[in-house]
Amino acid sequence: MGELNFAQLWSPIRLTIELAFITTILLLIFGTPIAWWLARSKARWKEAVATVVAMPLVLPPTVLGFYLLLLLGPNGPGGWIAGLYGARTLAFTFTGLVIGSVIYSMPFVVQPIRNAFEAFGDRPLEVAATLRASPWDAFWSVAVPLARPGFLTGAILGFAHTIGEFGVILMIGGNIPGQTKVLSVAIYDFVETQHWTEAHILAGGMVVFSFAVILATMMLGRRYGQQGR
Amino acid sequence: MRARLSWLKLPMAALASVMIAATMSTAAHAAEVKVAVAANFTEAVKEIGALFEKATGHKPVFSFGPTGGLYNQVTQAAPFEVFVSADQATPAKAIAEGHAVAGTAFTYATGKLVLFSKTDGLNLGEQTLKDGKFTKIAIANPKTAPYGTAAVEVMQKLGVYDALKGKIVEGNNIAQTYQFVDTANAEVGFIAFAQIALKPGGSRWVVPANLHKTIAQDAVLLKTGANNDAAKAFIAFLKGPEARKVIEKYGYGFVD
């Protein structure tokens, strides 16, 4: 093999970070109300909803990839949305990857936030109510600060899990440099074509990154765990 | 506990004797051969495999993937015994790098490249590529799949590669490329003719052979299979008239 091409290495790294960043923000926006509802609702069927959210933990990425390919395509709702701005499909696009990643990483964000909401019980909110705080006010000034460790853990896990996504993206991405060729797919490509130097650089970086992320969540958990007691 | 399990003893003993008998009969008559097959040849080789098993009693076990990816696994001691590649370069490399038996490589078929669309009644041709009136064109990864390499050659030869570059989506192998076109996520795609030879519907243009290098597809006996009679029998069968008939049915050509 020839010289190392750093642009070839950097493009997937940047794309992956962008994807994980946008996905994490969307996950917090959509995941928080879901987690709140799951934590506070008395509805009997809420565990069914919780199960749907958690299913990507168990389903193989190929199942999600297969359905996404159909849903994002010209004959699915994704194709209809793409039609609004003159495209045909959401597959092979960054938007498509974001949609896939949000679904795929949802349980990693909802579960810790739900746990955090459940952990402090009804009492703080009742106190807030007696102090005449509106539910909206109580949510922002009581519930969210109390659930901060849950938000942090959820955000870190959601971000990290999106960085590590592979199967779904391989199936709906189309391997387009700068648009859908993320880190994991680039590593796969390098390995398949026996460009092992590049594969080593990226794969080694992922090992270090994963170690740092998991260590950070564990230390975070310890710190908040001790403070809470 | 013992009493509870005693009812299991009889069926277990029966099962054990069946398994021993099965192992012995395998040793005596038939063996297994593990074959790595380039994705474009999937449908054809399944048919050939069934005929092979009927004729010889040997059982072929197929693994499908892109040629480059499969060879990569071979270099890491994958248990494959025969390698059915989609090109000539990779089997040659396998011999040069000491993974395959010298002198056993042979061309079992020449592949046809086809431009395919799921939409019926389109008049596909050179003009389709020159007009470029589509948003996505699917090809197999040209770095690992010979049909992808050929697709790039065609676009380059027609002088449209730079114009179409931004519309290309890559399948990891030719099977995934077909899937992109079959789900209509890509309007058109370069796939192997064999993939759609027996399927009606859609629009197709068989790319003239002078627009790309011949896709000569070689198979080779890997060193892991050098002492396996079933592996040698499979190679022989692949050259034979029964296999040839199937290969022809799927639209492949031959060098001779």
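Axes here are lines fitted to C-alpha atoms, for helices over the stretch in contact, with angles running from 0 to 180 degrees between N-to-C directions. Helices (H or I, at least four residues) and strands (E, at least two) are DSSP runs, numbered from the N terminus. This is a predicted model, where local features need pLDDT of at least 70, side-chain atom pairs count only at pLDDT 80 or more, and totals for chains, interfaces and linings use all residues. Residues are numbered from 1 along each chain as its sequence is written, with chains lettered from A and ligands numbered from 1 in the order in which they are written.

On to the packing: helix 2 (residues 42-56) and helix 11 (residues 241-249) of chain B have axes 9 Å apart, at an angle of about 155°. That makes the two helices of chain B roughly antiparallel (the label for angles over 145 degrees). Helix 2 of chain B passes helix 11 of chain B in a right-handed crossing, meaning the near helix is turned clockwise from the far one by less than a right angle.

Who touches whom? B:Ala44, B:Glu47, B:Ile48 and B:Leu51 of helix 2 of chain B meet B:Glu242, B:Ala243, B:Val246 and B:Ile247 of helix 11 of chain B (contact means C-beta atoms, placed from the backbone, within 7 Å). By class, that's six nonpolar, no polar and two charged; Ala, Val, Leu, Ile, Met, Phe, Trp, Tyr, Cys and Pro count as nonpolar, Asp, Glu, Lys and Arg as charged, and the others, Gly among them, as polar.

## Two domains in chain B

Chain B splits into domain 1 (31-110 + 215-249) and domain 2 (111-211), with bounds from an automatic or database domain assignment. Taken over C-alpha atoms, the centres of these two domains of chain B are 26 Å apart.

Across the boundary, 18 residues of domain 1 of chain B are in contact with 17 residues of domain 2 of chain B. On the domain 1 side, helix 2, strand 2 (59-65), helix 3, strand 4 (106-111) and strand 10 (215-221) of chain B each supply at least two residues. That side has eight nonpolar, eight polar and two charged residues.

## Where the chains meet

Between chains, 15 residues of chain B are in contact with 18 residues of chain A. Helix 3 (67-75) and strand 7 (168-171) of chain B are the elements giving two or more residues to the chain B side, and helix 3 of chain B has the largest share, three residues. This side of chain B has three nonpolar, nine polar and three charged residues.

Conventions
Two residues are in contact if their C-beta atoms, placed from the backbone, lie within 7 Å. Angles under 35 degrees count as roughly parallel, over 145 as roughly antiparallel, 65 to 115 as roughly perpendicular and the rest as oblique.
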